[in-house]
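Please keep the sequence and the structure in view while reading.

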Amino acid sequence: MNRLLNSADFRKAARRRLPRSLFEYIDRGAEDERALSDLRRSLDDINLMPRMLTGHAERDLSTTVLGQQAKLPIMVAPTALAGLVAHNGEIRMAKAASAAGIPICISTQSITTIEEIRAGAPEAMLWFQLYVWKDRSLTRRLLERVAAAGVTTLVLTVDTPVVPNREYNMRNGFSIPMKMTPRATADVLLHPRWLFGVLLRYMMTTGMPVYGHYPQEFRSAITRPSVSDAVKPESLLNWEDLRELRQWWKGQLVVKGIFSVDDARKCREIGADGIVVSSHGGRNIDSAPATARVLPVIADAVGDHIEVMADSGVQRGSDILKYLSLGAKSVMLGRLPLWGLACGGETGAGAMFSMLRNEMDTTLALLGARTPDDVELLPPEG
Ligand SMILES: Cc1cc2nc3c(=O)[nH]c(=O)nc-3n(C[C@H](O)[C@H](O)[C@H](O)COP(=O)(O)O)c2cc1C
């Protein structure tokens with residue numbers, strides 16, 4: 001692990017360990033993957049402005065995230081099937097996040113349930129991400145469990161009303177439910193470390209990994225067909241639904257997947273506590289604007305009233321500082337923690353957080369900044 005010096009090293013090592021279908025599911029974008037390259041371009045186009053002789057002895061990366069103290073201005077984004085990356089991956093990730101002093105948001109589509117994660121990582125700052133199911137009463141029952149597990153912050157994802165077009169998943173036979181085609185089976189056999197360390201460990205203990213939160217009668221092992229219609233994501237979600245959820249959910253509410261000032265204002269009017277400006281890591285709409293291009297106007301418009309978070313495309317500590325300088329209060333990370341988890345479980349995820357902390361710290365020092373708030377952007381030309 002000591003040889004993994006940056007996120008690209010982690011990604012390369014994760015690629016060797018994970019079955020190709022799982023690696024590509026995590027790594028790739030949608031359709032022609034233009035959003036992915038545009039995310040990179042949008043961050044690369046930003047320059048941070050150094051100030052000399054500022055003489056700060058120590059930098060401070062601590063912050064608050066929706067009122068919770070965090071040691072770093074980052075959190076673990078919700079990622080479906082993180083439990084396939086390592087055995088009990090969601091618990092290991094929650095422990096690593098807790099040790100790093102940052103929140104972690106668990107996906108509706110995790111392998112391990114929120115109750116098991118809470119039991120495995122009692123100190124973790126657990127958030128929960130909701131995909132509203134077609135059957136609203138089942139959704140409500142799920143949220144009752146989430147609240148009972150002591151989760152205070154709910155993240156409603158609104159940018160995925162239908163399954164996005166990811167052709168590589170079809171080619172790889174990686175669909176939900178997964179199908180063990182001859183190609184998929186060969187892929188797994190070619191990655192014995194994952195086969196023995198993850199898949200067989202599940203099979204010898206809790207059985208074939210399934211979506212942990214799906215009601216017992218709807219659970220489908222990854223080799224078995226079809227998740228029932230009742231637990232399909234609701235494709236007709238609207239503002240009235242958000243209003244209802246706001247009345248019903250007593251904890252903090254964050255809306256994830258916002259691109260426009262209008263939508264951000266509506267979230268604020270309805271009483272959301274925060275929004276995540278996000279292009280879903282370039283995984284959904286291939287022609288959507290990159291986060292960095294829309295974040296500044298959204299943060300200007302609503303940032304004084306609700307908490308604005310951002311995500312997508314982070315590869316370096318400096319990328320995080322760029323989103324913070326564009327108006328985000330904190331930044332969610334999707335793929336990077338998964339690469340850490342793939343490389344070394346809890347320790348690997350922790351190593352990724354430490355590496356990002358060091359990168360942010362070094363960048364701040366070189367910029368002559370004590371905190372991310374001191375960082376200045378080079379104004380765009382013209
Ligand atoms: C493998 C994977 C699974 C994801 N699953 C979910 C999910 O279940 N719910 C959700 O709201 N976002 C999901 N996302 C999107 C992330 O929450 C986040 O928006 C995105 O990964 C940020 O981009 P980054 O990976 O470049 O950091 C997923 C992302 C990845 C990479």
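## Basis of the description

Helices (DSSP runs of H or I, at least four residues) and strands (DSSP runs of E, at least two residues) are numbered from the N terminus. The model is a predicted one, in which local features need pLDDT of at least 70 and side-chain atom pairs count only at pLDDT 80 or more, while totals for chains, interfaces and linings use all residues. Residues are numbered from 1 along each chain as its sequence is written, and side-chain values use heavy atoms, with hydrogens and water left out.

## Helix α1 and its cover

Helix α1 spans residues 7-17, and its residues S7, F10, A13 and A14 are buried, where buried means under 20% relative accessible area, exposed over 50% and partly exposed in between, with a 1.4 Å probe and protein chains only. The exposed residues K12 and R16 are carried by the face of α1 turned away from its buried side, whereas the cover over the buried residues of α1 includes α2 and α14.

## Packing of α2 with α14

Two packed helices are described by the angle between their axes and the distance between the axes. Helix α2 (residues 20-27) packs with helix α14 (residues 335-367) at an angle of about 155°, and their axes are 10 Å apart; axes are lines fitted to C-alpha atoms, for helices over the stretch in contact, and angles run from 0 to 180 degrees between N-to-C directions. The helices α2 and α14 are therefore roughly antiparallel to each other, on a scale where angles under 35 degrees count as roughly parallel, over 145 as roughly antiparallel, 65 to 115 as roughly perpendicular and the rest as oblique.

On the side of α2 the contact is made by F23, I26 and D27, and on the side of α14 by R335, L338 and W339, contact meaning heavy atoms within 4.5 Å. By class, four nonpolar, no polar and two charged residues make up the contact of α2 with α14, with Ala, Val, Leu, Ile, Met, Phe, Trp, Tyr, Cys and Pro counted as nonpolar, Asp, Glu, Lys and Arg as charged, and the others, Gly among them, as polar.

## Helix α3 and its partners

In helix α3, which covers residues 34-44, the buried residues are A35, D38, L39, S42 and L43. Seen down the axis of α3, these buried residues fall within an arc of 130°, so they line one face of the helix. They pack against α12 and α13, the latter covering residues 317-325.

The axes of α3 and α13 come within 10 Å and cross at roughly 75°, and the two helices are therefore roughly perpendicular to each other. L39, R40, L43 and D44 of α3 make this contact with D319, K322 and Y323 of α13, and its residues divide into three nonpolar, no polar and four charged.

## Annotated positions

In an unreviewed entry, UniProt lists H280 for "active site"; such annotations, whose positions follow the numbering used here and whose feature names are shortened, may be inferred rather than shown by experiment. H280 is found in the loop between β9 (274-278) and α12 (291-302) and counts as buried at 13% relative accessibility. Residues up to four places away in sequence aside, H280 touches Y131, T157, D159, T160, R166, K256, D311 and S312.

The UniProt annotation "binding site", also from an unreviewed entry, covers Y25, Y131, R166, H280 and R283. Y131 lies in the loop between β6 (126-130) and α6 (136-148) and is buried at 14% relative accessibility, while R166 lies in the loop between β7 (153-157) and α7 (167-172) and is buried with a relative accessible area of 11%. Among the residues that R166 touches, not counting those up to four places away in sequence, are Y25, H280 and R283. S107, one of the positions that UniProt lists for "binding site" in an unreviewed entry, has its place in the loop between β5 (104-106) and α5 (114-120). S107 counts as buried at 3% relative accessibility, and, leaving aside neighbours within four places in sequence, is in contact with P78, T79, A80, F128, Q129 and H213.

Notes: Arc of directions from axis to C-beta.
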